Amino acid sequence: MDLAALKSLNADRRARRAAVLVTNLDDGSCRLIHEGDAAGGELVDALRQAFQTGKSGTVEADGKKLFLNVHLPSPRLVVIGAVHISQALAPMAKVAGFPVEVIDPRTAFATAERFPDVALDAEWPQDVLARRPLDSYTALAAVTHDPKIDDFALKAALDAGCFYIGALGSRKTHARRVERLLALGATAEQIGRIHAPIGIDIGAASPAEIAVAVLAQIIRAFRTRGEEAKGAAA
Amino acid sequence: MDNPTQIDESRDPLQIAEHWVDEGRDVALATVVETWGSAPRPVGSHLVIDAEGNFHGSVSGGCVEGAVVTEAMDVLESRKPRMLEFGVADETAWRVGLSCGGRIKVYVERLA
């Protein structure tokens, strides 16, 4: 690897940008490729798969033996609302490999007692997201039911291109939310990315069951990134 | 706050490699490029080595790091990358092996 590539790669990793370092194992030369970069030849499919799965490996392409080292930011989940659903969702998501951060300005909800071992911010989403911005490797679930808390975070998630955005509430509630998000400047196409009602349809009734439905939806969204919700049932 | 989605710069081999280079050290990078069977570290794992034999990271569970460090010193001197292969089935080529029964290929190059 040359030093310029090393420095760029490290900068990408610090900034949570996906990158693949392609090393030619025959001559040692390397090339850093980002998601969306135009790549020609037989490498296109391998690169697409690399960004999708995050798996590194060697490939033969265009008569060369290449090593693709895939550096994806680790996915994470931001939950807006320290509510009953979140109490189940946070530990389950952590087990499934998504570090969780719960944000809720209501100090009666956001307590360490209710959320042991969870990164918890008893602050407004505006303040927390200014410090730790959302990105395309972050999932956002807004479950407070309170527009004053949820709406800003949902708009921020749309703008950041979060790989998953879900919002709790009935179809009726969501219809009013759509109006508010349009007023905030979101496009109809953006708003169409929001999963609402939240969670895949498993007939979930209890808060814990809703959490399962939400986590399943997050996993599907992560594993099908870039494939665009084909066959999405919810 | 503990934030596991951020890179731990004090333990991250690629960040350490960059710091070492900035300090003017001669640095080699070893990368697991292929694995077979139950290999302890996944493809893409790194070990960084300087000319004094200091190292960070891992390419196995500690089984072959010593041999990789030795090879890396040669790579730093010759400036030519090298492909190493380790495994229990491969006793003739290497004295060290992987007790887990897996096999790994490690690419060692000088950062230049």
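1. Let's start with Ile218(A), which sits in helix 8 of chain A, the helix spanning residues 207-223. Please keep in mind that this is a predicted model. Ile218(A) has 25 other C-beta atoms within 10 Å, so it counts as buried, the cut-off being 20 or more.

2. Which residues does Ile218(A) touch, once its neighbours within four places in sequence are set aside? The contacts are Leu77(A), Phe98(A), Ala139(A) and Tyr164(A). As for distances, Gln190(A) is 28 residues from Ile218(A) in sequence, and their C-alpha atoms are 17 Å apart in space.

3. Helix 3 of chain A, residues 84-95, is worth a look too. Its buried residues are Ile85(A), Ser86(A), Leu89(A), Ala90(A) and Ala93(A). They lie on the same side of helix 3 of chain A because the arc they cover around the axis is only 125°.

4. Just past the end of helix 3 of chain A, Gly97(A) adopts a positive phi of about 100°.

5. Finally, the wider layout. Chain A is assigned a domain 1 covering 3-71 and a domain 2 covering 76-223. Between the C-alpha centres of these two domains of chain A the distance is 32 Å.

Methods: Residues are numbered from 1 along each chain as its sequence is written. Chains are lettered from A and ligands numbered from 1 in the order in which they are written. This is a predicted model: local features need pLDDT of at least 70, side-chain atom pairs count only at pLDDT 80 or more; totals for chains, interfaces and linings use all residues. Helices (H or I, at least four residues) and strands (E, at least two) are DSSP runs, numbered from the N terminus. A residue is buried if 20 or more other C-beta atoms lie within 10 Å of its own, exposed if 12 or fewer, and partly exposed in between; C-beta atoms are placed from the backbone. Two residues are in contact if their C-beta atoms, placed from the backbone, lie within 7 Å. Domain bounds come from an automatic or database domain assignment. The arc is that of the directions from the helix axis to the C-beta atoms.
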